[in-house]
Amino acid sequence: MGEKKNKIETGKDGVFYDTTPRDGVVEGIPLFAKELIAGGVAGGVAKTIVAPLERLKILFQTRSEFHNIGLLASFRRIAKTEGLLGFYRGNGASVARIVPYAALHYMAYEQYRRHIDYNFPAMGSSPVIDLLAGSLSGGTAVLFTYPLDLVRTKLAYQVVDTPKLNGKGAMTSEHVYKGIKDCFSKTYREAGMRGLYRGVAPSLFGIFPYSGLKFYFYEEMKSRVPDDYRKNIMVKLACGSVAGLLGQTFTYPLDVVRRQMQVQRLQASTSLQVKGTMGTLVMIVQKEGWKQLFSGLSINYLKVVPSVAIGFTVYDVMKAYLRVPPRDKAIVEVATNRRDSQTSTLPSSQSAS
């Protein structure tokens, strides 16, 4: 007897799916849970790989001394004063944030996309669907996970000064927070829930276009790849890289404003009034010039290219591994479940009347 081959299908999203019927644990996982798992794994893997560049980017955005000495000098300074682990300062909070964030982001994107496809079939496979679903999913994920992003930024902002820089010949530390829990509790005691969501406005202003453009470019590029190459990992990485690059370029200034707002209470000039989104934007331009709005962009390019590329690629691989059905089949499945649910509740409704 010959071996039974797996049934492989390609969805409209360009992902290859193993649709061979099987019994097991994976088949018992609900569709939304599979998407949550795939998104969480993708986000955690991508964020950990680019964590050192993320730390440098935050310091470039919020500390003029790092911005002034340049990328290589900043790298050497952190390595000398904090060692290897210094590049991962705040990464615990970052991973704790990115896993639920990415899980919600990807799952919400699929849910919004199916909802639009099911309720507005006239839109067909228009790229606008990816733009809308991506924007809404990004906003949803930000609202649920923003306090973790704030904590991550505050922890990453803290640095250790060298004796040379200190001037007193002794190692000093400006650490205000001992860890994630300490940062949460102190921030909440200082300003309540408003403190935990400080800077959320520019985050939302930035994430709507960024997330929408990111998904739009990725899905649009994948749709133009010949079928013979869609399974190629390098092709997926290339599509993800370009998508992240283009999306980030348009929205980066708002990211700088967000970081500045998150660390205003930690900066030396605490006597200055804490400003809102537009006030912070004007302050940055007046004090440091418009170029500061793009401070760290070169590092961000280095970070975004692998981060978005790895994220999308791992997500597609995890979807295939968890045997998530292609989007067109998932829509049919959702429609069937809704119809069955309505049918099952009909007799009880009639009897009640």
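This is a predicted model: local features need pLDDT of at least 70, side-chain atom pairs count only at pLDDT 80 or more; totals for chains, interfaces and linings use all residues.
Mentor: Residues are numbered from 1 along each chain as its sequence is written, and side-chain values use heavy atoms, with hydrogens and water left out.

Trainee: Why are α6 and α8 called oblique to each other?

Mentor: Helix α6 (residues 127-157) and helix α8 (residues 180-196) pack at about 120°, with axes 10 Å apart. Helices are DSSP runs of H or I with at least four residues, numbered from the N terminus. Axes are lines fitted to C-alpha atoms over the stretch in contact, and angles run from 0 to 180 degrees between N-to-C directions. Angles under 35 degrees count as roughly parallel, over 145 as roughly antiparallel, 65 to 115 as roughly perpendicular and the rest as oblique. The pair α6 and α8 is therefore oblique.

Trainee: Which residues of α6 and α8 meet?

Mentor: Contact means heavy atoms within 4.5 Å. On α6, the residues include Tyr-146, Pro-147 and Lys-154, and on α8 they include Ile-180, Phe-184 and Thr-187. The contact of α6 with α8 holds 10 nonpolar, 2 polar and 1 charged residues. In this scheme Ala, Val, Leu, Ile, Met, Phe, Trp, Tyr, Cys and Pro count as nonpolar, Asp, Glu, Lys and Arg as charged, and the others, Gly among them, as polar.

Trainee: Why is α10 described as roughly perpendicular to α11?

Mentor: The angle between α10 and helix α11 (residues 277-288) is about 100°, and their axes are 9 Å apart. That angle makes α10 roughly perpendicular to α11. Val-256, Val-257, Gln-260 and Met-261 of α10 meet residues of α11, among them Thr-277, Leu-281 and Glu-288. By class, the contact of α10 with α11 has 5 nonpolar, 3 polar and 1 charged residues.

Trainee: What makes a space in the model a cavity?

Mentor: On a 1 Å grid over the protein atoms alone, a cavity is a set of points where a 1.4 Å probe fits but cannot get out, and lining residues have an atom within 4 Å of a point. Grid points are joined across faces, edges and corners, and a volume is the space filled by probe spheres set on the points. By this rule there are 6 cavities of 30 Å³ or more.

Trainee: How much space lies in the largest cavity, and which helix gives the most to its lining?

Mentor: The largest cavity holds about 670 Å³. Its lining has 36 residues, with Arg-97, Ile-98, Tyr-101, Ile-207 and Tyr-210 nearest the centre. Helix α12 gives the most to this lining, with 7 residues. The lining divides into 15 nonpolar, 10 polar and 11 charged residues.

Trainee: What lines the second largest cavity?

Mentor: The second largest cavity, of about 70 Å³, is lined by 13 residues, including Ala-51, Glu-54 and Arg-55. Helix α2 gives the most to that lining, with 4 residues.

Trainee: What is noted about phi of Arg-323?

Mentor: Phi of Arg-323 is near 55°, a positive value in a residue other than glycine. Arg-323 is found in the loop between α12 and α13 (327-352).

Terms used: Helices (H or I, at least four residues) and strands (E, at least two) are DSSP runs, numbered from the N terminus. On a 1 Å grid over the protein atoms alone, a cavity is a set of points where a 1.4 Å probe fits but cannot get out, and a pocket is an open set with protein on both sides within 12 Å along at least five of seven lines; lining residues have an atom within 4 Å of a point.
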